[in-house]
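Biologist: Please take me through this entry feature by feature, giving the general idea before the particular case.

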Amino acid sequence: PWQNGEVAHRLLWADNADAISRLYAGTPALKGDFTRTGKRTKRGALDDGMNSLQRYYLNNFLDADRQEGYDLMVGYANFSNIGDFAEDVDEVD
């Protein structure tokens, strides 16, 4: 009786995990195949390996700019040196 509800819940849970993971890590959630079907597949393991490599690249080469943007949005960034930056720009002109 609950089989259809369980499938719907698993899909909703996995989609939500993917959305949060994309925001935080830049890739879909790992082990999504298990969450969706209840079974671990070779394809899912391969996808997880590719996502892990992509996360490694994103975190080591591209994440600093994104983190600065997040810090700016939430007001965490320290702007005490903004005057120094403005002076440097004026000197170049």
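Biologist: Is Val 7 buried, exposed or partly exposed?

Modeller: The classes rest on relative accessible area, with buried under 20%, exposed over 50% and partly exposed in between, using a 1.4 Å probe and protein chains only. Val 7, which lies in helix H1, is partly exposed because its relative accessible area is 43%. Bear in mind that this is a predicted model, in which local features need pLDDT of at least 70 and side-chain atom pairs count only at pLDDT 80 or more, whereas totals for chains, interfaces and linings use all residues. Residues are numbered from 1 along each chain as its sequence is written, and side-chain values use heavy atoms, with hydrogens and water left out.

Biologist: How far apart are Val 7 and Arg 36 in sequence and in space?

Modeller: They are separated by 29 residues in sequence, while their C-alpha atoms lie 7.6 Å apart. Arg 36 also takes part in a salt bridge, a term for a side-chain nitrogen of Lys or Arg within 4 Å of a carboxyl oxygen of Asp or Glu. Its side chain meets that of Asp 15 at 2.8 Å, N to O, and the pair links distant parts of the chain, since Arg 36 belongs to helix H2 and Asp 15 to helix H1, 21 residues apart. Arg 36 is partly exposed at 28% relative accessibility, and Asp 15 is likewise partly exposed, at 45%.

Biologist: Which other residues form salt bridges?

Modeller: The structure holds 7 salt bridges, among them the pair of Arg 40 and Asp 33, whose closest N and O atoms are 2.6 Å apart. Asp 33 counts as buried because its relative accessibility is 16%, whereas Arg 40 is partly exposed at 39%. Another joins Asp 47 to Arg 43 with 3.3 Å between the closest N and O atoms; both lie in helix H3, 4 residues apart, or about one turn of the helix. Salt bridges that share partners also join Asp 15, Asp 18 and Arg 36 into one network.

Biologist: At what angle do helices H1 and H3 pack?

Modeller: Two packed helices are described by the angle between their axes and the distance between the axes. Helix H1 (residues 3-24) packs against H3 at about 75°, with 10 Å between the axes. H1 is therefore roughly perpendicular to H3, the class that covers 65 to 115 degrees, with under 35 being roughly parallel, over 145 roughly antiparallel and the rest oblique. The contact (heavy atoms within 4.5 Å) is made by Ser 21, Arg 22, Leu 23 and Tyr 24 of H1 together with Arg 55, Arg 66 and Tyr 70 of H3.

Technical notes
Axes are lines fitted to C-alpha atoms, for helices over the stretch in contact, and angles run from 0 to 180 degrees between N-to-C directions. Helices (H or I, at least four residues) and strands (E, at least two) are DSSP runs, numbered from the N terminus.
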